[in-house]
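User: I would like to learn how to read the chain contacts, strands and helices of a model like this one. Please take the features in turn, with the general idea before the case.

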There are 6 protein chains.
Amino acid sequence: MPNNPLINAWNAGRSTLNGWLAIPNASTAEVMAHVGWDSLTIDLQHGLADYQTALTMLTAISTTRTVPMARVPWLEEGIIMRMLDAGCYGIICPMINTRDDAVRFVRACNYAPVGTRSFGPIRAGLYAGPDYYKSANDEVLSIGMIESRQALDNLDAILDIDELKAIYIGPADLSLALGCTPKFDQDEKPVVEAIEHVIKSAKAKGKRVGIHNLTVAYARKMIALGADFVTVASDMRLLTAGANAVVTEFQNSAPGNETSDTY
Amino acid sequence: MPNNPLINAWNAGRSTLNGWLAIPNASTAEVMAHVGWDSLTIDLQHGLADYQTALTMLTAISTTRTVPMARVPWLEEGIIMRMLDAGCYGIICPMINTRDDAVRFVRACNYAPVGTRSFGPIRAGLYAGPDYYKSANDEVLSIGMIESRQALDNLDAILDIDELKAIYIGPADLSLALGCTPKFDQDEKPVVEAIEHVIKSAKAKGKRVGIHNLTVAYARKMIALGADFVTVASDMRLLTAGANAVVTEFQNSAPGNETSDTY
Amino acid sequence: MPNNPLINAWNAGRSTLNGWLAIPNASTAEVMAHVGWDSLTIDLQHGLADYQTALTMLTAISTTRTVPMARVPWLEEGIIMRMLDAGCYGIICPMINTRDDAVRFVRACNYAPVGTRSFGPIRAGLYAGPDYYKSANDEVLSIGMIESRQALDNLDAILDIDELKAIYIGPADLSLALGCTPKFDQDEKPVVEAIEHVIKSAKAKGKRVGIHNLTVAYARKMIALGADFVTVASDMRLLTAGANAVVTEFQNSAPGNETSDTY
Amino acid sequence: MPNNPLINAWNAGRSTLNGWLAIPNASTAEVMAHVGWDSLTIDLQHGLADYQTALTMLTAISTTRTVPMARVPWLEEGIIMRMLDAGCYGIICPMINTRDDAVRFVRACNYAPVGTRSFGPIRAGLYAGPDYYKSANDEVLSIGMIESRQALDNLDAILDIDELKAIYIGPADLSLALGCTPKFDQDEKPVVEAIEHVIKSAKAKGKRVGIHNLTVAYARKMIALGADFVTVASDMRLLTAGANAVVTEFQNSAPGNETSDTY
Amino acid sequence: MPNNPLINAWNAGRSTLNGWLAIPNASTAEVMAHVGWDSLTIDLQHGLADYQTALTMLTAISTTRTVPMARVPWLEEGIIMRMLDAGCYGIICPMINTRDDAVRFVRACNYAPVGTRSFGPIRAGLYAGPDYYKSANDEVLSIGMIESRQALDNLDAILDIDELKAIYIGPADLSLALGCTPKFDQDEKPVVEAIEHVIKSAKAKGKRVGIHNLTVAYARKMIALGADFVTVASDMRLLTAGANAVVTEFQNSAPGNETSDTY
Amino acid sequence: MPNNPLINAWNAGRSTLNGWLAIPNASTAEVMAHVGWDSLTIDLQHGLADYQTALTMLTAISTTRTVPMARVPWLEEGIIMRMLDAGCYGIICPMINTRDDAVRFVRACNYAPVGTRSFGPIRAGLYAGPDYYKSANDEVLSIGMIESRQALDNLDAILDIDELKAIYIGPADLSLALGCTPKFDQDEKPVVEAIEHVIKSAKAKGKRVGIHNLTVAYARKMIALGADFVTVASDMRLLTAGANAVVTEFQNSAPGNETSDTY
């Protein structure tokens, strides 16, 4: 099995850029994969793809060197293991709120004797080769989301789970949990402080850290704080923003406002 | 059957903005429909959707007041009539190069005695009501593409077909036909002159005119020349442009270049 | 290859009942197949299924002894041959308006030396066995639709094509062609007379005859006139009628109208 | 976010009619939505749609004002939250048998601090707007099914959960639980008494009540007993019943029985 | 409901051959069903089909007398019950490691009062008839996988659950659990001994036993040891092996090696 | 645009091995692509995939260096151009029977001024880059099938079309045309002679030649005769053969025949 390029990058001191796939479609995934993100995460939680569609999206990502990952809908073993078998190099799991959640999650991501992941890497094996099972426990990223008050309370206990390779900060849920506005690129103080606290604590325990952002500018700030990987926007947000810009420009340039009609 | 809102707008002297759907997916179509385009065209020719997917996209567009249209792959009766039955208010047909092409096309778009369109508006009837057949010939837009040297040669003969309601200029194919670079928002002289000639000729014969553009600025120039409806970009182009911008910004802002890391 | 059960029934003097599949779904096709229709026709013209979905519907029909057929979108060789390869025992082709149409149609339905149907019965062979090609020309029903004024004018020339096994009357298009209301179960005189004329002419030339109906009552009248197979309604029409009946009954039984509330 | 029209109706003293979608298809959902049900529930438990198909069905329902809901396969957080993000205004959850079941269910349906629903209303936000999160806890109906002996035993404890907005009676499972025939429109005494008991208890605790029925007549009786919303039949049942009626009528009208063959 | 043909065969002393479906496609399932396996198991765990696709595959299997089964992704009630409603005659559940796992699994497979399976056999009823619920608990095979060290430790407790009808040995996971190479057709001593132990123990408690194999030769050995049903390879493995053989033969027969070029 | 690797190989004197995809599925296409065929052809004529599925298969092939091609259902411009836009490096077109067929086919495969292919390489451009249009006419293989008596009669006229880059012999249809058994790896004299004649004539006119075979042995004979590319079997045939072998071996090894039951 090839080394996980994300781990390589982080070990080399480079933070990585993650793209986010909410559109349930292989063609958009293929286009996104050609753009040059370090990794692409198929979002099976708040995104619109189910396993069957995600499978075709993973194939699309494999037309490039972009690292495929997935966010699963919930801490449910079935879908975690299926996405790993389908070739994901990392799983982001929502709402890791307690030590028990973290233990259950890493067990699902690791083969025996570490965990209870069942063997059968039908598509992963196509890419990782016959020795996949030997290094999968090392190369597959189990990434637990820290995004609730309960998770903040149990942060150290969660971070103490050795097999948990990284955490991922969900700013919107964390905001709600702290009585703030659910959004990315937060500037409300309680959330900003919580994010800083989580990043600092995770780095202190040797965990990798990721966070979801809306803009590159904010993502760069998170990297400066210690984030190893940052997500910016999503395919659906980029599409919507682009379309809104065109429609707005068209409406604002209606005849009365035009200053030029030659080329 | 309700009047075609595009015809209403044009009759009122307002040019309309058309969005372009190349992504074969109902969820992106639904998002696009909510953005406010006057019409959305599902591209079955150079886009990626087939009939079955286009059907779900038409449903998605019907969650809004946006007018649904389709570009068919070729002058083939089967798909033209299926898209009309599925609820399109307009069909853009590629490569209408001769008078015979135009006749065959408008026959496919019109019920007897005008044409040979077969009756069975299974989804169109859901929206247009039981009297659909009475006004469909008037409200459905048959839009022939002018995009080859042969079409330029036969322009008047094509424009003389009464039932052809509009033409649509394909700048990329027209460019190739004239030995120029296949692209939108053309500034190469032979293409610019051909576009002006086509628009002028069509307006002189009372035809509506549409054209594909990359930017609003160019689209506005086309409107100034007489275009009744203009397409700007496409869902796939907007997504690609947005994603490229993020990746580029991220790469350009790598540590060495950062000037700020606080918020 | 087993004999076509429809031909067997007709030879035995029994008229058959055909169901109509407009819903693009294998599960509804499977339910319909279990109901007991002699044959089921997947409508690729005014119905909502494309080839890929129709393929799963044919599999669903094959869970029973019901005979699978398809109506193709238009006289286009590609889809005619694909539906035959997929296992249809009959093809209904719209708008056979001239002798040439009929010739082109039957050529697409027959192997050399009779026609130009290409060999490769990938799914048909699964059911019909290795000798499929020997009897396919005999057992496959090529059924041309008579539904335009031009077809009425050319009726004898069309019926003279030996390989055309049957005709199918499309009452809605025929009505439009004759200036009447496009509907099934016609009682407007020009259409009624045309239907009688077509049935009589076809039977005189030894052709089998089918017709689309809305009700069993009308279908029985057509049988009395000579029809060999009759379609009644469609899956979508039955669903809509059933749902409308429930909603209407519920609304009409609103509190003020209730006379009983015990059981 | 707009108010939930079902809650509005109930507050105004009007009982609502719910349609049931077991067919996994957007086109049938679109047709059903146009018929006029107050709400439509996509059945992900005993119906045939999975999340990906259900997503297209929700889009289809959004072409009308019908309120979309879903029954999830089981008390599993992943699918509950996904269906809410996809735009459902209510979730019917099977087998709420204990207080703990009810608590876990309502936590999945509510944002922090009430519950643990994760934020990301990708499609719901398209319709409910940016303030969705502020009123979602109020407008989204969490509806627990009462359908086992254990649920009857724990009825009061379940009904005491404030955030549980409604219960839904599953007559077939309830019948099995009580040793009776699993069916709708029950007339066997133990089930009838249990239904009356459940409705009475729920209304006494201020909960809304729904129940699944086969006929309007039985549904009206349930409304008289206090039911706020009633389901009648399902798309698949209506299709099957309609098809059976045609085939039976055809078979019963075979030549020997015909009394008339003229029109 | 018809008797389960697998149970009939085993009662008659005949071991059965099970085929394995990892390809997510109805057409390959249909072809496999025509080949003559006693049963076919759709693998929703390490295979590539999700529920929606599996549904079409079950329809495909029903074109023959082959018995349909499924392996579910994990001990999750939702998908277990859905696959039963969809017509499976047996469910193979991974990682039944404890008595509690076994109890929870059999409860999901059985109607009240034995278990908590919810009533609604939408597709199963189509084949099994209206009395399905009366014999489903008897005819449906709940098959727990024994494939971990924990399961070996708890083997007797698991086998003591009466409603558990059979066990299925997963050699690959069992190998990993015992520190051996994860593969089928094991010859490493710890695994061979464990398999023998499990088969012997299960037979002693009156349970049916199945096991996954790569070759018929090994499967026959397992039958000799007491296995009642054996899986050999999978559709994907057969395809891969066949394709590899062609490519290898072609490369090995390149010009320099050819000894004959006539026919 | 990269050079077409097939053309490179042929120019270097190497014959290439083509795999055949009849299964409509991206995962099987991905597995096939990893096996090492020089090219893979998606069969849209006698295979089971439609455009929408073929699109996902092309993405799957692009995970490797295998060259993607397609056989279209018929000489229909719509699908030919769509498959090229989707990234095919070659199109095999059935039944090129006359000079006019060949002209129409090559026009569909070439941009102006050579042909009428419309510009919009939505997925091809992703791989071939912005200058795709400059070399596409050179690199895209237009491959006409010679498989009818009419084609044999018109062979020279067809081969005289310069833009036709290759021909492909369809042995089954050719057999039917010559009154022989429709099959691959023919040994019936009329077909063998016709194949030799076609290959010889094509090579004499400088055309590349391909042919469909069942076995490598026969394919090697064709190469010896001059074939540049050979197809062997298909994914569906390999799966069927593999499955049949297992079932047969199992049945033949039933207890009575077993000679060994130990390991």
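Analyst: Two residues are in contact if their C-beta atoms, placed from the backbone, lie within 7 Å. The model is predicted. On that basis, 37 residues of chain D are in contact with 37 residues of chain C.

User: Which elements of chain D give two or more residues to the side that touches chain C?

Analyst: They are β1 (16-21), α2, α12 (216-225) and α13 (235-252) of chain D. The most comes from α13(D), with 13 residues. By class, the side of chain D that touches chain C divides into 21 nonpolar, nine polar and seven charged residues.

User: Where chains do not touch, how far apart are the nearest C-alpha atoms of chain B and chain E?

Analyst: For chain B and chain E, the nearest C-alpha atoms are 17 Å apart. Chain D and chain F do not touch either, and their nearest C-alpha atoms are 17 Å apart.

User: How should I describe two helices that pack across an interface?

Analyst: Two packed helices are described by the angle between their axes and the distance between the axes. Take helix α13 (residues 235-252) of chain C and helix α2 (residues 26-33) of chain D: their axes come within 10 Å and cross at roughly 30°. The crossing of α13(C) with α2(D) is right-handed. On α13(C) the contact is made by C:Met236, C:Leu239, C:Thr240 and C:Ala243, and on α2(D) by D:Thr28, D:Val31 and D:Met32. This contact has five nonpolar, two polar and no charged residues.

User: Now the strands. In what sense do the strands of the barrel in chain B pair, parallel or antiparallel?

Analyst: Strands of a sheet pair through backbone hydrogen bonds, either parallel or antiparallel. In chain B, a closed barrel of eight strands runs β1-β2-β3-β4-β5-β6-β7-β8, with parallel pairing. The twist averages 25° from one strand to the next. As one case, four bridges join β5 (residues 141-146) to β6 (residues 166-169) of chain B, and the partner of B:Met145 in β6(B) is B:Tyr168.

User: How do I read the two faces of a strand?

Analyst: In a regular strand the side chains alternate between the two faces of the sheet. For β1(D), D:Thr16, D:Asn18 and D:Trp20 lie on one side and D:Leu17, D:Gly19 and D:Leu21 on the other, and all are buried. Three bridges join β1(D) to the parallel strand β8 (residues 229-232) of chain D, where D:Thr16 has D:Phe229 as its bridge partner. With β2 (residues 39-43) of chain D, β1(D) pairs in the parallel sense over four bridges, and D:Gly19 stands opposite D:Leu40.

User: Why does A:Ala29 count as buried?

Analyst: A residue is buried if 20 or more other C-beta atoms lie within 10 Å of its own. A:Ala29 counts as buried because it has 29 C-beta neighbours inside 10 Å. The residue sits in helix α2 (residues 26-33) of chain A. Leaving aside neighbours within four places in sequence, A:Ala29 is in contact with A:Leu21, A:Met57, A:Ala60 and A:Ile61. A:Met57 is 28 residues away along the chain, yet the two C-alpha atoms are separated by 5.6 Å.

Notes: Residues are numbered from 1 along each chain as its sequence is written. Chains are lettered from A and ligands numbered from 1 in the order in which they are written. This is a predicted model: local features need pLDDT of at least 70, side-chain atom pairs count only at pLDDT 80 or more; totals for chains, interfaces and linings use all residues. Axes are lines fitted to C-alpha atoms, for helices over the stretch in contact, and angles run from 0 to 180 degrees between N-to-C directions. A crossing is left-handed if the near helix is turned anticlockwise from the far one by less than a right angle, and right-handed if clockwise. Ala, Val, Leu, Ile, Met, Phe, Trp, Tyr, Cys and Pro count as nonpolar, Asp, Glu, Lys and Arg as charged, and the others, Gly among them, as polar. Two strands pair if DSSP finds at least two bridges between them. A residue is buried if 20 or more other C-beta atoms lie within 10 Å of its own, exposed if 12 or fewer, and partly exposed in between; C-beta atoms are placed from the backbone.
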